[in-house]
Amino acid sequence: MDLAAAGTGWPDGQRILYKEETDMAAEIVVEISELLQKGRAKNVKNLVQEALDQGIDPKEILNDGLLAGMMVVGGKFKRNEVFVPEVLVAARAMNAGITLLEPKLVEVGNEPVGKAVVGTVKGDLHDIGKNLVVMMLKGAGFDVVDLGTDVEADVFIERAEEENADIICMSALLTTTMPYMQTVIDALQEKGLREKYIVMIGGAPVNDAFAKQIGADYYTPDAATAAETARRAVTDR
């Protein structure tokens, strides 16, 4: 029996079949990414199921399909090439695929990049910016705990401790609620927990100077940058 010249020890026919299967798997994963970018939730869900049925590695589907697609959307959002509605439909498509993948990812022991607790601070009921950050963090591979709006300092801290989080993300849209970010950081200091967490802040009235003033680790101007910064911060820690 002739063996492949590449020295794999496989018969030619088996090598060709393997290459065809590998190419097909790559095509499906790329198509998942492209459909997600277009916000085709039903198509993404169907194709993720097809990929699983074909035995494609769930981690590959997640990283090279769903997360890669969401990062493309995040980059376009950052450059003002797409806007909030497009991000929302892409996130919905991502969630449709992740719902199918989650049980399989647990089986293979997939680890998230990190864990973040995210909320809008006490006195502020605005949630669009916070919701975008949640979606982008998920798209960057984070396990995210969404605390909602009007979140008190003790809730940020208690949930971060309960969840063994890496990052605390705070949002504020009002100048009157911005100072509460300082309250949360002060509470972390008082409990001796400040150095345990990466603290990120954002929101329309917030800027880098304010972040430095209150002792936050990072300020980010938009959701896509928040996800990039969070990923880099956890990796560099």
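Five strands build an open sheet with parallel pairing, in the order 2-1-3-4-5. Strand 2 and strand 5 (218–219) are the edge strands; each has a single partner strand, so one side of each has no neighbour in the sheet. The model is predicted. Helix 5 (residues 128–139) holds Lys 130, a buried residue.

**Sheet**

- Strand 1 and strand 2 run parallel and are joined by six bridges.
- Lys 115 has Asp 143, in strand 2, as its bridge partner.
- Helix 7 (residues 179–190) lies across strand 1, strand 2, strand 3 and strand 4 (198–202). Helix 7 runs at about 155° to strand 3.

**Helix 5**

- The end C-alpha atoms of helix 5 are 17 Å apart. Its twelve residues should span 16 Å at 1.5 Å a residue, so the two values agree.
- The buried residues of helix 5 are Lys 130, Leu 132, Val 133, Val 134, Met 135, Met 136, Leu 137 and Gly 139.
- Gly 141 follows helix 5 and has a positive phi, near 95°.

**Lys 130**

- Lys 130 has a relative accessible area of 5%. The cut-off for buried is under 20%, so Lys 130 counts as buried.
- Neighbours within four places in sequence aside, Lys 130 contacts Val 118, Gly 119 and Thr 120, along with Asp 146, Gly 148 and Ser 171.

**Nonpolar cores**

- In soluble globular proteins, nonpolar side chains tend to be buried together.
- The largest nonpolar core here contains 49 residues. Ile 32, Leu 66, Leu 137 and Ile 167 have the most contacts inside it.
- Helix 4 gives this core its largest share, eight residues.
- Leu 137 is one of the buried residues of helix 5. Sequence neighbours within four places aside, Leu 137 is in contact with Ala 116, Val 118, Phe 142, Val 144, Cys 169, Ala 226, Ala 227 and Ala 230.
- A second core is separate and has 29 residues, among them Val 151, Met 170, Val 184 and Phe 210.

Terms used. Residues numbered from 1 in each chain as written. Predicted model: local features only at pLDDT ≥ 70, side-chain atom pairs only at ≥ 80, totals over all residues. Heavy atoms only, no water. Helix = DSSP H or I, 4+ residues; strand = E, 2+ residues; numbered from the N terminus. Buried < 20%, exposed > 50% of the residue type's maximum accessible area, 1.4 Å probe, protein only. Contact = heavy atoms within 4.5 Å. Expected span 1.5 Å × (residues − 1). Pairing = 2+ DSSP bridges. Axes fitted to C-alpha atoms, helices over the stretch in contact; angles between N-to-C directions. Core = buried A, V, L, I, M, F, W, Y, C linked by side-chain atoms within 4.5 Å.
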